[in-house]
Amino acid sequence: NAASGNTPTAIVTTVPGSSVELFQNTGTGEQSLGTFATGDDGIIEIPTTLVDGAHAFRAFCTRGDTAAVSPPLSLVVDTTPPSCAFVEPPPGTTITPAFDNNLDLSDGIQLLVTAQVTGADTLDEITTLTVGATAISSTKVDIDGRAGGFATLAATPGSVAFAFTGRDHAQNTCTVTENYNVVLDGCDLVV
C-alpha cells in the first residue's frame with residue numbers, strides 16, 4: 001500500500017493470531033524488518049521507508065506448528081527527475097534569419113528546437129515545448145534522449161522565451177527555460 005512520499009505501509013493478511021516476520025531485499029540480500037503479531041482480524045500494517053531503487057518484500061507467517069511464506073512482492077521506487085537542456089538552438093544563441101528553414105521571412109522564422117532529456121526511463125515519453133505563450137506539438141523522447149518540435153517565430157526583433165518539459169516513466173518531470181534574442185539585421189557567421 002503506497003502512501004505519500006517514500007513511506008508506504010506493508011499490509012499482511014493472514015490467519016488471526018499469527019506471528020509475521022517481514023523481509024525486505026534491496027539487492028544486497030534479505031533483511032528482516034521485524035516480527036509482528038496480528039490482531040483478531042489477521043491483519044498487520046508495517047510502515048516502511050523506501051529509497052530509490054528495486055525492492056522485494058516477503059512475509060513469513062507462523063501460528064503454532066503452521067507456517068506459510070508469501071510470494072515476493074517486487075516494486076521499483078523512482079523519485080529522481082530527469083534533467084532537461086536545450087540543444088538546438090544552443091542557449092545564448094541569437095536567432096537570425098539564417099535559422100529560417102524555408103528562407104522566407106514573410107511567414108516568420110521557422111526553426112527546429114531540440115532539447116536533451118537525460119535520465120533513466122525517458123524513451124518514448126511525451127514532451128512539451130512552448131515558445132512564447134504558444135504550445136508547440138513536440139516529439140517523444142528518442143533513443144538518443146532528444147525531443148523537440150518546429151517553432152515559427154514572428155519575424156520581428158525582440159526576445160522570445162522557450163520552455164521545454166520532459167518526464168520519465170514514473171512521471172518525474174524536468175523543465176528548462178531559455179530566452180533567445182531575435183535579430184533581423186546584421187550578418188550571419190558560419191564556422
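Colleague: Is phenylalanine 162 buried or exposed?

Modeller: Buried means under 20% relative accessible area, exposed over 50%, and partly exposed in between, with a 1.4 Å probe and protein chains only. Phenylalanine 162 has a relative accessible area of 1%, so it is buried.

Colleague: What should I know about the model before going on?

Modeller: This is a predicted model: local features need pLDDT of at least 70, side-chain atom pairs count only at pLDDT 80 or more, and totals for chains, interfaces and linings use all residues. Residues are numbered from 1 along each chain as its sequence is written, and side-chain values use heavy atoms, leaving out hydrogens and water.

Colleague: How many aromatic pairs does a search of the whole structure find?

Modeller: A pair of aromatic rings is described by the distance of the centres and the angle of the planes. Rings of Phe, Tyr and Trp (its six-membered ring) pair if their centres lie within 6.5 Å; planes under 30 degrees apart count as stacked, over 60 as edge-to-face and the rest as tilted. The search of the whole structure finds four such pairs. In one of them, phenylalanine 86 and phenylalanine 162 have ring centres 6.2 Å apart and planes at 80 degrees, so the pair is edge-to-face.

Colleague: Which parts does that pair of phenylalanine 86 and phenylalanine 162 tie together?

Modeller: Strands (E, at least two residues) are DSSP runs, numbered from the N terminus. Phenylalanine 86 lies in strand 8 (residues 83-88) and phenylalanine 162 in strand 14 (residues 158-167), so the pair links parts 76 residues apart in sequence. Phenylalanine 86 is buried too, at 6% relative accessibility.
Phenylalanine 86 also pairs edge-to-face with tyrosine 180, at 6.2 Å centre to centre and 80 degrees between the planes. Tyrosine 180 is in strand 15 (residues 173-182), so this pair ties together parts 94 residues apart in sequence. Phe86, Phe162, Phe164 and Tyr180 form one aromatic cluster.

Colleague: What does threonine 114 touch?

Modeller: Contact means heavy atoms within 4.5 Å. Not counting residues up to four places away in sequence, threonine 114 touches Phe86, Val87, Glu88, Arg146, Ala147 and Gly148. Threonine 114 is found in strand 10 (residues 109-118). Its relative accessible area is 14%, so threonine 114 is buried.

Colleague: How many bridges pair strand 2 and strand 5?

Modeller: Two strands pair if DSSP finds at least two bridges between them. Strand 2 (residues 19-25) and strand 5 (residues 53-63) have seven, in the antiparallel sense. Glutamate 21 has phenylalanine 60 in strand 5 as its bridge partner. Strand 5 also runs antiparallel to strand 6 (residues 66-69), joined by four bridges. Those two strands form a hairpin with two residues between them, and glycine 64 in the turn has a positive phi of about 65 degrees.
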